[in-house]
Amino acid sequence: MSRILLRGAHVITMAPRRPDAERADVLVDGDRVAGVGEGLDATGAEVVDVTGRIVLPGLVNAHLHTWQTALRGVGADWTLADYLGRMHGAAAGHYRPEDMRIGTLAGALSQLERGTTTLGDWCHNTPTPDHTDAAVDGLRASGIRGVFLHGTPYSAPDAAHPVGEIDRLPGGPLLTFGMAVRGPQLSTPDTAVADFRAAAERGLVVSLHQSGGEPGPGWEAVRDAGLLSPRTNVVHGAGLTGDWLKTLVDAGAGFTSTPENELGQGHGFPLTGQLLRLGAAPSLGTDTDAVTPGDVLSAARIALAHQRGHDHDDHRQATGSFSVTATITAKQALAWATVEGARALGLADRVGRIEPGMQADLVVIEGATANPIASALYASAGDVEAVMIAGRWRKRGHALLGVDLGTVQDQLHESARHLLPRLTG
């Protein structure tokens, strides 16, 4: 295991009781951060000069249907009804295992390119074990840290999640598993309880969509069974009442907003402000490359601007003038893409912060300014100079390492040629 010393950067640790940004060295020993501070001893370490750069924790995209990557951009003008009808009603059933693999591999590599080191891969097109295995293989081959959230194609509301499919999957240092269930909105109460209980018995994150409808008896059944917990992950959350949001926050549940998708397709408005008022915060995802860009920093900026707009408008209505102070900071938005993402995926003890003992998942960004937090939040893929996962470089000098991109692109294009005609039935 190697020792690497990153020297001279503006470091954004996202750790409590540390400055927003500081001039510091970061020492990596094996797969973990061994130290953060000025003038760290470089004995036995490869020294990498990152003067003038920003080092921050790897970004977390907590919700992406990575299997849809080959159809990137086809749904730019789709509503939610279009997406459900065309992607799930028409195309999903024509996916072959090889389409699942290349979509997942290419999508995960695209995330690495943008500085994402941890991906919540919400995979709900697994009609056969071969489809599941192919998607897992693509995620593993990318080198990203992945939480594979095993889902199912649309099925009857009383169909329990096939947990045996998860039990048989082999994990690894960078790969863990969770359950992407239909959830209380789309399942019978008994089925929702059974799925949540199966996740609890296995210590898995249980993730579900909630969008476009008020909570029903399924939510009440899960709550009454005592199965809401910090391993509950609610995606979108549209339709949840204030009382239900408080119930979920009090239980420690996490929320993942996909703001560009939610605003553009009609899920409902992001829950950012409602969560903040309850002392909670969202994690972020980009949902599907078929509809919106896969850039979690863009999601952070959209969520920030959207909620600030609401807050300014509320202030104007209450006082007759614009607000003179920002209601949410840029650092909070950056936390949604790091700390909160790690928490939502059950990885808060491993990633999301730079401090001794944490996994060495790091991003190096060019162009440090007088405000490193802003430089990080405003960064694009072209600004991401290097990406490290578990102490190993996955991107360096603006190039992904150990990847035959030509072959990946050829396979992705072949998959798109197969799938595109199926979008209309």
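This is a predicted model: local features need pLDDT of at least 70, side-chain atom pairs count only at pLDDT 80 or more; totals for chains, interfaces and linings use all residues.
Student: Which hand does the crossing of H2 and H14 have, left or right?

Tutor: The crossing of H2 and H14 is left-handed.

Student: What classes of residue make up the contact of H2 with H14?

Tutor: On the H2 side, look for Asp99, Arg101, Ile102, Gly103, Leu105, Ala106 and Leu109. H14 brings Val408, Gln411, Leu412, Ser415, His418 and Leu419. Sorted by class, that gives two charged, four polar and seven nonpolar residues.

Student: And how do H2 and H3 lie relative to each other?

Tutor: H3 spans residues 129-142, and its axis is 7 Å from that of H2. The two helices pack at an angle of about 25°. Angles under 35 degrees get one label, so H2 and H3 are roughly parallel to each other.

Student: Which hand does the crossing of H2 and H3 have?

Tutor: Here the packing angle is about 25°. The crossing of H2 and H3 is right-handed.

Student: How many nonpolar residues are in the contact of H2 with H3?

Tutor: H2 contributes residues including Pro97, Met100 and Leu112, while Ala134, Leu139 and Ala141 are among those from H3. The contact also has three charged and four polar residues. The nonpolar count is 10.

How values were computed. Residues are numbered from 1 along each chain as its sequence is written. Side-chain values use heavy atoms; hydrogens and water are left out. A crossing is left-handed if the near helix is turned anticlockwise from the far one by less than a right angle, and right-handed if clockwise. Helices (H or I, at least four residues) and strands (E, at least two) are DSSP runs, numbered from the N terminus. Contact means heavy atoms within 4.5 Å. Ala, Val, Leu, Ile, Met, Phe, Trp, Tyr, Cys and Pro count as nonpolar, Asp, Glu, Lys and Arg as charged, and the others, Gly among them, as polar. Axes are lines fitted to C-alpha atoms, for helices over the stretch in contact, and angles run from 0 to 180 degrees between N-to-C directions. Angles under 35 degrees count as roughly parallel, over 145 as roughly antiparallel, 65 to 115 as roughly perpendicular and the rest as oblique.
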